[in-house]
Amino acid sequence: MKILVVDDEADVQPLFLQRFRREIREHEFDFDFALSGEEALAYLHERHTEIVLILSDINMPGMSGLELLSRIRHEYDTPPPMVMMITAYGDEENHRQAMDRGANDFLTKPLDFNLLKEKLKTFNK
Amino acid sequence: MGFFYYLAAFIIIRRLNKRLKGSSLYPKWHSLLNVASVIAILLFFGIHAAFNDGVVDLAGAALLAGMAYYADKEEDLKDWRILFEPTYPLIGVGVITGLIELLVNSFYEKYDTYFQIAVTAAFVWIFARWAATKKQEEQLKVSIERRAELEVLVKERTIELQKQKTELEETLKELKTTQSQLIQSEKMASLGELTAGIAHEIQNPLNFVNNFSDVSAELIDEMEEELNKGDTAEALAIAADIKQNLEKIRHHGQRADGIVKGMLQHSRASSNVKEPTNINKLADEYLRLAYHGLRAKDKSFNADLQTSFDESLPLVEMVPQDIGRVLLNLFNNAFYAIQKKQLIAGPDFKPSVSIITAKKGKSIEILVKDNGLGIPDNIKDKILQPFFTTKPTGEGTGLGLSLSYDIVVKAHNGKIDVNSIEGEFTEFKITIPV
């Protein structure tokens with residue numbers, strides 16, 4: 001399962017690669033990364049068919065995660081990728097907006113990687 | 001007519017005696033003068049009996065001249081010279097009359113009436129002069145009294161003025177204290193606005209610290225497994241990862257450290273120490289703090305933050321926490337402006353704040369631009385005034401831009417330019433000489 005992680009913090013990349021070391025080695029998951037909403041859209045433009053799931057931060061400079069979500073829901077509906085939103089602001093309003101715009105799930109920082117792993121494995125099945 | 005000279009001498013001596021009464025000189029001169037006055041009269045009778053009129057006149061003139069000369073030389077009598085001076089005409093007249101009587105008696109006999117008139121006039125002159133002198137003295141006395149009164153008044157006024165000066169100095173001191181308190185409370189107010197932003201900014205590196213240390217612990221378990229299996233190559237690869245993670249932990253720890261230090265610096269009273277500063281880094285840091293600060297208060301708020309940093313900017317000598325405050329203030333204002341516009345504008349409004357740095361000649365420019373409400377023309381010249389604010393009471397101190405002006409213009413010899421169209425955009429340009 002190919003997962004695109006969108007976050008403006010570059011160190012998220014080695015973190016995910018290490019956290020999912022075993023899964024990656026066993027080809028259960030495959031990660032790609034984008035540092036901004038714009039970069040994520042450009043990536044999807046090239047190879048949206050490969051991507052099954054998108055994990056996106058909400059607060060990013062430039063295009064916000066919510067905007068990215070709207071664009072994805074608008075432009076890529078066949079087949080629709082799963083989108084999980086991640087934010088440091090786990091408030092009602094953010095949650096509601098994310099769900100309204102069609103997010104499949106909503107996670108708050110700091111990320112519980114065990115929980116995330118569970119969720120991803122559930123999605124994979 | 002010869003009697004007039006001796007009479008004048010008598011009267012002068014008597015008058016002097018009278019004037020001296022009450023002074024410290026009186027005991028010494030009292031009897032002397034009494035005797036002298038009698039001698040003057042006796043002298044007349046003596047000379048008159050023995051000699052002709054011409055000699056009487058000359059001797060009378062000589063007596064007066066001698067008295068005037070004596071008064072002039074005698075230290076005790078120097079204040080009373082004015083009594084003797086009016087006798088000069090009489091002395092002159094006496095000498096001329098006496099000489100003419102003695103030398104050309106026929107001429108005298110012919111015109112004796114004129115000589116008598118001259119002697120009488122010179123005699124009267126003495127009393128006229130005395131009267132005039134007395135009047136002058138009275139005027140002098142009045143003016144001396146007046147002067148004394150004025151001096152008292154001036155003294156009173158001086159004391160009053162000095163009191164006022166002290167009061168004003170006190171007030172000035174109080175004002176200065178109040179001013180520094182206001183500056184400090186403005187700092188604390190902006191720090192309050194920052195708190196949420198700071199919390200967010202610290203949370204991110206802390207998450208990394210926690211995550212990388214967790215994952216490193218897992219990696220060590222895996223490394224042990226690999227070593228037990230004898231796969232040294234894989235174990236070494238894992239060790240390299242762990243090493244990299246430790247560097248990341250250190251990096252993010254320092255990042256959090258830097259944020260806390262910056263926060264402390266911001267709240268501390270300005271040290272006014274200029275140091276070479278990377279403006280791009282400073283601007284980026286405060287932009288994030290301001291954004292996350294507002295973001296934490298208003299969850300629905302989102303803005304497009306555009307940064308265009310001139311990477312070739314040199315380090316510029318400045319007080320970083322002061323310029324940081326200026327930038328923070330400009331960012332907060334920009335966010336406030338787009339936030340307010342968002343409330344009235346349609347859904348198509350894309351709020352945006354941009355910061356641009358550039359080097360222009362011998363100065364650097366920092367441009368903070370927003371597409372918010374803009375500034376109405378009628379308040380453009382007021383925005384830098386202390387206590388001017390368009391925010392509701394309690395929300396703004398009205399000191400932000402005024403303090404920014406002081407920091408940029410007074411402390412850094414720079415300038416602040418404002419360009420805005422109401423409803424369209426606002427652009428603040430800070431220029432600081434390198």
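**Exercise 1. Describe the extent of the interface between chain A and chain B in this predicted model, and state which residues of chain A lose the most area to chain B.**

Step 1. Chain A and chain B bury about 2,400 Å² between them, and 44% of that area lies on carbon and sulfur atoms.

Step 2. On the side of chain A, the residues that lose the most area to chain B are Gln18(A), Arg21(A) and Tyr89(A), which together account for 26% of what that side buries.

Step 3. In terms of contacts, 25 residues of chain A meet 34 residues of chain B.

**Exercise 2. Work out which polar and charged pairs link chain A to chain B, and which elements of chain A supply the residues that touch chain B.**

Step 1. Between chain A and chain B the count of salt bridges is nine.

Step 2. One salt bridge joins the side chains of Arg22(A) and Glu222(B), with an N to O distance of 3.6 Å, which is inside the cut-off of 4 Å for such a pair.

Step 3. Ten residue pairs are found in polar contact across the interface of chain A and chain B, with both residues of each pair at pLDDT 80 or more.

Step 4. In chain A, the helices α1 (12-19), α2 (21-25) and α5 (92-100) each supply at least two residues of the side that touches chain B, and the largest share, five residues, comes from α1(A).

Step 5. Sorted by class, the side of chain A that touches chain B has eleven charged, eight nonpolar and six polar residues.

**Exercise 3. Decide whether chain B is a compact globule or more spread out than one.**

Step 1. Chain B contains ten helices and seven strands.

Step 2. The radius of gyration of chain B is 52 Å, whereas the globule rule gives 22 Å for 434 residues; the value for chain B is well over that figure, so chain B is more spread out than a compact globule.

Step 3. The C-alpha trace of chain B spans about 165 × 55 × 40 Å along its principal axes.

Step 4. Chain B is divided into domain 1 (3-153) and domain 2 (272-434), and the centres of these two domains, taken over C-alpha atoms, are separated by 96 Å.

**Exercise 4. Locate the salt bridge of Lys2(A) with Asp32(A) in the fold of chain A.**

Step 1. Over all chains, the structure holds 34 salt bridges.

Step 2. In the pair formed by Lys2(A) and Asp32(A), the closest N and O atoms are 3.3 Å apart.

Step 3. Lys2(A) belongs to strand β1 (residues 2-6) and Asp32(A) to strand β2 (residues 30-34), so that this pair, 30 residues apart, links distant parts of chain A.

Terms used
Residues numbered from 1 in each chain as written. Chains lettered and ligands numbered in written order. Predicted model: local features only at pLDDT ≥ 70, side-chain atom pairs only at ≥ 80, totals over all residues. Heavy atoms only, no water. Contact = heavy atoms within 4.5 Å. Buried area = accessible area lost by both parts, 1.4 Å probe. Polar contact = N/O pair within 3.5 Å; in protein donor to acceptor, adjacent residues only side chain to side chain. Helix = DSSP H or I, 4+ residues; strand = E, 2+ residues; numbered from the N terminus. Nonpolar A, V, L, I, M, F, W, Y, C, P; charged D, E, K, R; others polar. Domains from an automatic or database assignment. Rg over C-alpha atoms; globule rule 2.2 N^0.38 Å.
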